[in-house]
Amino acid sequence: KGEVVVVLGPAGSGKSTLMNILGCLDRPSRGRYLLDGVDVSGLERDELADIRNGKLGFVFQSFNLLARTSARENVELPLLYGEHRLTSAELTARANEVLAAVGLAGRQGHHPSQLSGGQQQRVAIARALINKPEVLLADEPTGNLDSRTSVEIMGIFQRLKEERGITIVLITHEQQVAEYGSRIIAFQDGLVLSDRANDRQRLAMGHMGRL
């Protein structure tokens with residue numbers, strides 16, 4: 001709980017397969033996957049959907065925002081498909097709160113085309129937070145961003161860990177991004193090469209603070 005785990009490896013090493021299993025999108029072909037003490041490997045489709053919508057949040061490299069809807073409406077979407085029965089005012093308040101948490105207060109009405117790549121990724125992070133997940137799964141979240149914006153996004157993940165106690169599992173092929181994790185798991189050809197605590201994380205965070 002409250003750990004930033006980075007899964008590091010080149011393309012084709014098995015990182016995305018792992019992410020799909022962790023996110024209850026795919027089932028393991030063998031073995032078991034325990035999520036919060038529950039073996040989810042044999043759950044029914046609807047049960048897996050409930051877990052994805054309530055316990056997990058997803059952030060992707062390509063943002064996956066709806067172009068014709070505002071930042072706030074994009075963030076509200078997961079609540080519309082769950083069992084929540086929120087009023088329009090409650091939806092707006094919840095969306096505004098998570099947008100503010102990622103530094104987008106005042107940009108709620110902007111459409112994706114009116115936002116920079118970094119701002120669009122912030123909207124995607126806010127959307128992942130709207131259901132108050134316990135685990136945030138981020139698949140190459142800095143892959144479409146320049147280095148300075150990548151540092152800003154990693155700073156947001158760090159604050160989420162510290163302020164909300166969210167567990168973050170982040171996939172990347174970039175060594176510099178990996179150094180922000182408190183734990184780094186290296187993959188190659190479907191195998192775990194190493195799994196270590198990251199003693200250099202403080203140095204990475206210090207570098208982030210100077211930018």
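How many bridges join strand E1 to E6? Five, and the two strands run parallel.

## Basis

This is a predicted model, where local features need pLDDT of at least 70, side-chain atom pairs count only at pLDDT 80 or more, and totals for chains, interfaces and linings use all residues. Residues are numbered from 1 along each chain as its sequence is written, and side-chain values use heavy atoms, without hydrogens and water.

## Strand E6 and its neighbours

Helices (H or I, at least four residues) and strands (E, at least two) are DSSP runs, numbered from the N terminus. E1 covers residues 4-8. Strands pair if DSSP finds at least two bridges between them. Val-4 has Ile-168 of E6 as its bridge partner. E5 (residues 135-139) is also joined to E6 by five bridges, again parallel. Here Leu-136 is partnered with Ile-168. From E5 the chain crosses through helix H6 (residues 147-164) to E6, a right-handed β-α-β crossover. Right-handed means that, with the strands pointing away from the viewer, the path from the first strand over the helix to the second runs clockwise.

Six of the six residues of E6 (residues 167-172) are buried, so the strand is largely enclosed by the rest of the structure. Buried means under 20% relative accessible area (1.4 Å probe, protein chains only). Thr-167, Val-169 and Ile-171 point one way; Ile-168, Leu-170 and Thr-172 point the other.

## Helices H3 and H4

H3 (residues 71-80) packs on H4 (residues 88-101) at about 115°, with axes 9 Å apart. Axes are lines fitted to C-alpha atoms over the stretch in contact; angles run from 0 to 180 degrees between N-to-C directions. The contact (heavy atoms within 4.5 Å) includes Val-75 and Leu-79 of H3 and Leu-91 and Val-98 of H4.

Technical notes. Buried means under 20% relative accessible area, exposed over 50%, partly exposed in between (1.4 Å probe, protein chains only).
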